[in-house]
Amino acid sequence: MRWLQQIADRFPVRKSAEQKQAFLKYAAAAARKMGYAAHVEENGRHRNLVMGQPETAEVLFTAHYDTPANKLIPSPIIPRNLPLFLLCQLATVLLLFAVSFGAGYLSYLITREPRLTLIVFLLCYFGLLLLLTAGPANKHNMNCNTSGVAAVLELMEQLPPEVRDQAAFILFDNGETGRLGSRAYATRHQQIKKRTLILNLDCVGVGDHLLFMVKNYARATFAYRFLEESFADAEQLKTHWFPSSGCTFVSDHASFRCGVNVTACKRKKGIGFYTPHIHTRRDTEADARNIEELARCLVTFVKSVAAN
């Protein structure tokens, strides 16, 4: 609870360069206080916080620390229901088209200029698209992705010193704008991109079902063989393991060959697994018990890796 509430209270928005800088200073100081090496790796506009020694670690735990724009239109995570996911995407496109068409038609009624009508339509449509990705910051982001950042820090704190060399941690920048921070890191660190097991924690605060979306190459790593058994005694969370190729939710794990994404979901008949309120003003809650149990099981995982 401590990390989740601290971040929410002190750094509720991490979108501008100044807001990100303030958070990175806080998180790096917290990591060093725990005994980890920490530095900010810059790659163009992307500033990733690296904690521990990723080059020698068996497993890398990640999350993105930037916060999204308030998209106004709900964009729930529906990772295992492709038809419903596509329907939601289509509904969003049709809504943007309808609003833009209405603006264009209104301009035609006023001016009777077809060319101006087309310009108004295009400006409105692409302006709305830009607003969805780079608009005003969403001040409500407890689950997306304050919960993932809090889980990484909780895990770092709980790990016993004698096994910490097995793990490293990265908080990625610009995950909300096309995974740009993780892509930049993966491009610069090819060995990690190709060989290291990556566990990415994204939206882990809402729902009692914990979904692991696993790339095929991840299953072949040395460390992965201990992952599933480490969650065998989870009580708060029911775990589910799926190939990433059959899931619609794409996060920073996709930037790495051996990536695994970890997301908490609710479950409902007719919908399946889903996470509500993402990128909206209703993203105001995250269950600290999820974060605590996730960290506890991941500590067991790292201990198993170290013991073998």
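In which helix does Ser 100 lie? Ser 100 is part of helix 3, which covers residues 82–111; helices here are DSSP runs of H or I with at least four residues, numbered from the N terminus. The model is predicted, so local features need pLDDT of at least 70 and side-chain atom pairs count only at pLDDT 80 or more, while totals for chains, interfaces and linings use all residues. Residues are numbered from 1 along each chain as its sequence is written, and side-chain values use heavy atoms, with hydrogens and water left out.

Ser 100 has a relative accessible area of 0% and is therefore buried (under 20%, with a 1.4 Å probe and protein chains only). A polar atom of the Ser 100 side chain lies 2.8 Å from the backbone oxygen of Leu 96. Apart from neighbours within four places in sequence, Ser 100 is in contact with Phe 121, Cys 124, Tyr 125 and Leu 128, where contact means heavy atoms within 4.5 Å.

Helix 3 packs with helix 4 (residues 114–134) at an angle of about 145 degrees, and their axes are 8 Å apart. Axes are lines fitted to C-alpha atoms over the stretch in contact, and angles between N-to-C directions run from 0 to 180 degrees.

Another pair is helix 2 (residues 17–34) and helix 5 (residues 142–158), with an angle of about 20 degrees and axes 10 Å apart. Helix 2 and helix 5 are therefore roughly parallel, a term for angles under 35 degrees. In this pair, Phe 23, Ala 31 and Met 34 of helix 2 meet Val 149, Leu 153, Met 156 and Glu 157 of helix 5.

Definitions and conventions. Helices (H or I, at least four residues) and strands (E, at least two) are DSSP runs, numbered from the N terminus. Angles under 35 degrees count as roughly parallel, over 145 as roughly antiparallel, 65 to 115 as roughly perpendicular and the rest as oblique. Buried means under 20% relative accessible area, exposed over 50%, partly exposed in between (1.4 Å probe, protein chains only). A polar contact is a pair of N or O atoms within 3.5 Å; within protein, one must be able to donate a hydrogen and the other to accept it, and residues adjacent in sequence count only if both atoms are side-chain atoms.
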